[in-house]
Amino acid sequence: MTDVVELLRQLVSISSVSRESNRPVIAFAQSVLAQAGWSFEEHCYLDPSGTEKLNLIAWPGAKTKQVELALVCHTDTVPYSADWPEATTLVADEGDLKGCGACDVKGFLACILAAASEIDPARLGKPLAIVLTADEEIGCAGVRRLVDLDAIRPKLAVVGEPTSLRPIRAGKGYCLAEVAVVGREAHSAFPDKGVSAIHSAAKLIVEIEKIAESLKNLRAEEFSPPHTTINIGEIRGGLAKNIVPPYCKFLLEWRPIAGQDPSLVPDLVQEAIAKLSEADADFGCELKVLRTQEGFSAAEDSRLVRALASASGNAPGSVAFGTEAPWLRKMGAEAVVFGPGSMLSAHSPREFVPQAELLRCVEILKAVVDDLCA
Ligand SMILES: [Zn+2]
């Protein structure tokens with residue numbers, strides 16, 4: 001079975017929300033690849049809730065750790081809401097195929113399975129692999145395991161995500177920290193008896209704004225905007241209108257440009273905290289980094305970027321959303337993000353992939369494999 005639309009219909013019908021085991025969707029992919037004579041290696045683990053998860057590496061020939069090209073695709077989807085009864089039924093609508101995971105990222109998965117079924121292993125001079133991962137939508141937990149295990153070392157990697165068939169050679173990182181500012185509770189009629197955590201947080205936030213301004217000088221033109229950005233997306237503090245607030249917490253998010261150490265921002269914020277503490281003994285604050293994912297970029301003239309650009313007819317670009325590409329970088333691969341459909345419809349009940357892009361993607365993948373692995 002190599003009809004890519006039929007493959008996508010089957011893949012969408014197998015629910016693989018991150019909280020569920022991805023074994024059924026992996027088993028389906030394995031059955032398609034087995035028919036094409038591929039060999040496999042399974043890497044199983046239990047997620048924090050005790051659910052079995054699987055990463056799968058597949059080869060058209062003999063198993064080998066060093067491969068020229070890896071086609072990488074996650075197998076989980078974000079949850080779909082109860083009022084989307086057709087989430088796991090692929091619905092065709094004027095050239096678009098709708099369903100949960102249609103573009104993020106079962107569309108690309110269907111394409112690599114269809115392409116794999118048509119690749120003649122005898123024609124490959126250099127090794128190829130397909131890498132299917134679990135838990136991408138919840139912090140890339142699956143691919144991290146493969147990095148820790150040193151399970152595979154691709155030279156080049158195409159990471160599937162919806163990019164409307166544009167090769168994406170650079171992406172910003174994604175980092176998050178929680179900042180907890182402490183004060184001292186008191187009756188608001190006697191503010192001198194307390195320390196307002198909200199006033200302290202406000203002072204720190206002014207300093208963080210200055211840091212955000214200074215980051216604009218470290219430019220990377222492949223991104224828009226061409227610098228690291230900072231966002232304070234949530235803030236909570238205080239107990240009641242007549243109490244001097246004893247605490248204030250906020251979430252600090254930053255998206256570092258490729259090549260920048262993701263700890264630059266928390267280091268600068270720590271410096272600001274140290275200065276505020278020096279100036280005022282009552283200033284108390286703790287910064288806890290929750291997540292650091294660095295950015296990635298491949299050279300514009302790299303073989304992989306050129307192969308994808310020429311096969312797709314689309315110029316390379318960059319993205320602001322998180323992907324598994326930085327983890328492929330850690331494996332030593334030059335990584336490019338690519339796939340049918342657009343992230344604009346992903347993570348919503350409007351999710352769809354244009355059928356024409358799906359069909360084109362299969363041909364592009366076959367051409368790129370020919371180009372890079374022949
Ligand atoms: Zn995705």
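**Reading a predicted model: a tutorial**

Tutor: Take the contacts in the protein chain between residues at least 6 apart in sequence: 80% of them join residues at least 24 apart. Keep in mind that this is a predicted model.

Student: What does the secondary structure of the protein chain come to, and what does the C-alpha trace span along its principal axes?

Tutor: The chain has nine helices and 18 strands. Its C-alpha trace spans about 80 × 45 × 40 Å along the principal axes. Of the 374 residues, 52% count as buried.

Student: Are His 74 and Asp 104 buried or exposed?

Tutor: Both His 74 and Asp 104 are buried. Asp 104 has another feature: a cis peptide bond joins it to Val 105, with omega about 0 degrees. Val 105 is in the loop between β5 and α3.

Student: Where is Pro 225, and what joins Ser 224 and Pro 225?

Tutor: A cis peptide bond joins these two, with omega about -5 degrees. Pro 225 sits in the loop between α5 and β11.

Student: How should I read salt bridges, and how many does the structure hold?

Tutor: Side chains of opposite charge can pair when their charged atoms come close. This structure holds 21 salt bridges. In one of them, Asp 150 pairs with Arg 153, and the closest N and O atoms are 2.6 Å apart. Asp 150 is partly exposed at 28% relative accessible area, and Arg 153 is partly exposed at 34%.

Student: Which parts of the chain does the salt bridge of Glu 300 and Arg 169 link?

Tutor: Their side chains meet at 3.7 Å, N to O. The pair links distant parts of the chain, 131 residues apart: Glu 300 is in the loop between β15 (296-297) and α7 (303-312), and Arg 169 is in strand β8 (residues 168-171). Glu 300 is exposed, with a relative accessible area of 52%, whereas Arg 169 counts as buried at 15%.

Student: Where do Lys 210 and Glu 207 lie?

Tutor: An α-helix has 3.6 residues a turn, so residues three or four places apart point the same way. Lys 210 and Glu 207 both lie in helix α5 (residues 197-215), three residues apart, about one turn of the helix. They form a salt bridge, the closest N and O atoms being 3.1 Å apart. Salt bridges can also join into a network, as they do for Arg 23, Glu 42 and Glu 52.

Student: Which residues are buried in α6?

Tutor: They are Val 265, Pro 266, Val 269, Ala 272, Ile 273 and Leu 276. Seen down the axis of α6, the buried residues fall within an arc of 115 degrees, so they line one face of the helix. The face turned away from the buried side carries the exposed residues Lys 275 and Glu 278. What covers the buried residues includes α5, β11 (229-237), β13 and β14 (284-293).

Student: How many residues has α6, and what span does it reach?

Tutor: α6 has 16 residues and reaches 23 Å from its first C-alpha to its last, close to the 22 Å expected at 1.5 Å a residue.

Student: Which residue other than glycine has a positive phi?

Tutor: Two cases will do. Glu 94 has phi near 50 degrees and is in the loop between β4 (91-93) and β5. Cys 140 has phi near 55 degrees and is in the loop between β6 (128-133) and α4 (141-149). Glu 94 is exposed, with a relative accessible area of 78%, whereas Cys 140 is buried, at 3%.

Key:
Residues are numbered from 1 along each chain as its sequence is written. This is a predicted model: local features need pLDDT of at least 70, side-chain atom pairs count only at pLDDT 80 or more; totals for chains, interfaces and linings use all residues. Side-chain values use heavy atoms; hydrogens and water are left out. Buried means under 20% relative accessible area, exposed over 50%, partly exposed in between (1.4 Å probe, protein chains only). A salt bridge is a side-chain nitrogen of Lys or Arg within 4 Å of a carboxyl oxygen of Asp or Glu. Helices (H or I, at least four residues) and strands (E, at least two) are DSSP runs, numbered from the N terminus. The expected span of a helix is 1.5 Å times one less than its number of residues. The arc is that of the directions from the helix axis to the C-beta atoms. Contact means heavy atoms within 4.5 Å.
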